[in-house]
Amino acid sequence: MFIFDFYYAFSMNIFVILHTNRIINTAMKKFFLLITLSCLTILANAQMVDPVRFTSNLKMLKGDEAEIIFSATIDKGWHLYSTDLGSDGPISASFHSVKMDGAKPVGKLQHRGKEISQYDEMFGMKLRFFEGSAQFVQKIRFTKENYSIDCYLEFGACNDETCLPPTQVSLVKSGKSPAYDGQAKVEAKSEEVEKAEAPIATDTVKVVATDSAKIDTATVMSGDDSKKLWQPVISELKAFDEGDATNGSLLYIFFAGIVGGFLALLTPCVWPIIPMTVSFFLKRNKERSKAIKEAATYGVSIVVIYVLLGLVVTLLFGASALNALSTNAIFNICFCLLLIVFAASFFGAFEITLPSSWSNKIDEKSENTSGMLSIFLMAFTLTLVSFSCTGPIIGFLLVAVSTQGSIVAPTVGMLGFAIALAIPFTLFAMFPSLLKSAPKSGGWMNVVKVTLGFIELAFALKFLSVADLAYGWHILDREVFISLWIVIFGLLGIYLLGWLKFPHDDPEHRTNVPQFFLAMISLAFTIYMIPGLWGAPLKAISAFAPPINTQDFNLHKETVEAKYHDYEEGMAAAKAAGKPVMVDFTGFGCVNCRKMEAAVWTDPKVAQILNDKYVLISLYVDDKTPLAQPITVNENGQERVLRTVGDKWSYLQRVKVGANTQPFYVLLDNEGKPLAGSRSYDENIQEYVDYLQMGLDNYNK
């Protein structure tokens, strides 16, 4: 809630400065309350997803035939797999009949819509899928006067990070076949259906968050111990996730913004302005207290301006769009090109500036006004004038935090940036003597700019890597990525030693002591990355480099295999061994599950912890092995039939942890209680190690 308090406080400052009225004040309060409620709703429903919504209907044809039509609406970023992909691929769309009395299927399940065909490296085969919408049609023929149909469509869907378990949409329908009511009645019925274009019977499948009060698990397990293991822990997991992940991420973004603000201070567009601005306030007011007050107002105005910029980005994109940026290939390519442009600007190829008329008009208005408004306009002028240096830093910060998928991240980042930028103006106004000891403007400021250019160039490759992985181009595999980073940071070290010059560098500038130490760090980092060309894990950059499975030549191999594929059996083994458990909800057709196993589980430290410290239970939600007897359960007031082993584990995932996507990892003690939050697709090895270690620490307590 403190984030929204900042929104409110800074917005109130704007209203005072611009003399806004009470109506706007009230409207903005309601607006921020709406944002707060929206964010809480997003956090509360983060685990359960409903990306594919189906309707089913029975459409009568002429004569004794009809069509069972399953129509899908697919969310953006998700793809629904087509029919007949083979047993080695992901989950295909398939038709199943529980009861077909008085009717029989004719031919195979057919698909309608724009089918996309794309080769997948992980499965080693061409996959066919749909985006946006699709239909699956099964033709039937009536064989009796009265019919009774109970059937379902099973399907699978994935996005770039997670997959759904095998999911079913059913159709239950009985009645009298029009084929046995006379030819005229048949034709009239068919014409009526075609004109109405409305389904005769419709079933809508929607996955919702589970509630322990509405779930009957008694028929799934037997014995008190099993019932205890199946008890829902959704609220406990949510408490872990909200406490550890969300707040920590926003805190990290806030400090990243502060670092960006301090770096912006050291650029030639901002640093020389500080003594000029402070001197102006001191000369303008004979009373030092009033000068300090105006300088503080100036600093607050800077904070307000940049926070509003972050808020604008948030409102333009929204929560779902910001979340899509993290995996969308087109956006990541654009981000890569944008950062390359910023880097070129810092290297001295050109300057990114706003039209001079903008700053001139704002400056003119500030001279013609007085009071708080004039100070605010002066701060706005600083924002425009310094854009050639602060723009690339702000752009880099907004690009980085936008791909975190958090609706408040851009505003939090801008808050940190603005606070760091505003502090010197207020501080030097309070203590003018400090200006004498502050570093003088000079060539060192261009060194800061060029260094930032190298860093932005390195991070541009990260965004290109995301697009490369999404499209499967393999132009930026791990060894290529590491090679480029070796070159970039090697050149940065050479530049800091003064052996490389850029257009705006002072030709007579010598390497000073701080530059020398920074050069040592950069060159040492370069040497550190070299073993990565042969498969070394390079944990320091694991969050940025492509996964290890993209590397052609790898001398470093570690394997992790689950010994247990049954929940109760694995929990019993863990209790006997006195070890905690990691439950891995996975699938044979889950592409991202294989990526995690290849990129993260192969890390030596991860492998050692999983093999030695945990009992690993892998539950395949698409396991087609039939249960000894189908199980009927009551979930959210509706009856569901569990027919396969995969159905059982998918139900366990929904019931116990309130999720329905894979991969999905949960750390439990011997009694089924969570030891940490949940985790899904994320190839950051160090965070995965920290996650496993947190579970061990809590278990030992």
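## Strands, cores and a helix pair

In strand β7, the bridge partner of Gln 118 is Leu 127. The model is a predicted one. This pair of residues belongs to a contact between two strands: β6 and β7 (residues 125-130) run antiparallel and are joined by five bridges.

Both strands are part of an open sheet of four strands. Read across the sheet, the order is β6-β7-β3-β10, and the pairing is antiparallel. Which strands are the edge strands? They are β6 (116-120) and β10 (157-158), each of which pairs on one side only.

Elsewhere, a loop lies between β11 (167-176) and α3 (183-196), and Ser 177 has its place in this loop. Is Ser 177 buried or exposed? Its relative accessible area is 0%, so Ser 177 counts as buried, a class that takes values under 20%. Leaving out residues up to four places away in sequence, Ser 177 touches Phe 142, Lys 144, Glu 145 and Tyr 147.

In soluble globular proteins, nonpolar side chains tend to be buried together. In this model, the largest nonpolar core has 37 residues. Tyr 298, Ile 302, Tyr 306, Phe 417 and Leu 421 are the members that touch the most other members.

Another core, of 30 residues, lies apart from it; Phe 54, Met 60, Ala 72 and Ala 134 are among its members.

Which residues does Ile 302 contact, leaving aside its neighbours within four places in sequence? They are Ala 379, Leu 382, Ala 418, Leu 421, Ala 422 and Phe 425.

Two packed helices are described by the angle between their axes and the distance between the axes. For α19 (residues 604-612) and α21 (residues 685-700), the angle is about 25 degrees and the axes are 10 Å apart. Angles under 35 degrees count as roughly parallel, and therefore α19 and α21 are roughly parallel to each other. The crossing in which α19 passes α21 is left-handed. On the α19 side, the contact is made by Lys 605, Val 606, Ile 609 and Leu 610. On the α21 side, Ile 685, Tyr 688, Val 689, Leu 692, Gln 693 and Leu 696 take part.

Terms used. Residues numbered from 1 in each chain as written. Predicted model: local features only at pLDDT ≥ 70, side-chain atom pairs only at ≥ 80, totals over all residues. Heavy atoms only, no water. Pairing = 2+ DSSP bridges. Buried < 20%, exposed > 50% of the residue type's maximum accessible area, 1.4 Å probe, protein only. Contact = heavy atoms within 4.5 Å. Core = buried A, V, L, I, M, F, W, Y, C linked by side-chain atoms within 4.5 Å. Axes fitted to C-alpha atoms, helices over the stretch in contact; angles between N-to-C directions. Parallel < 35°, antiparallel > 145°, perpendicular 65-115°, else oblique. Left-handed = near helix turned anticlockwise from the far one by under 90°.
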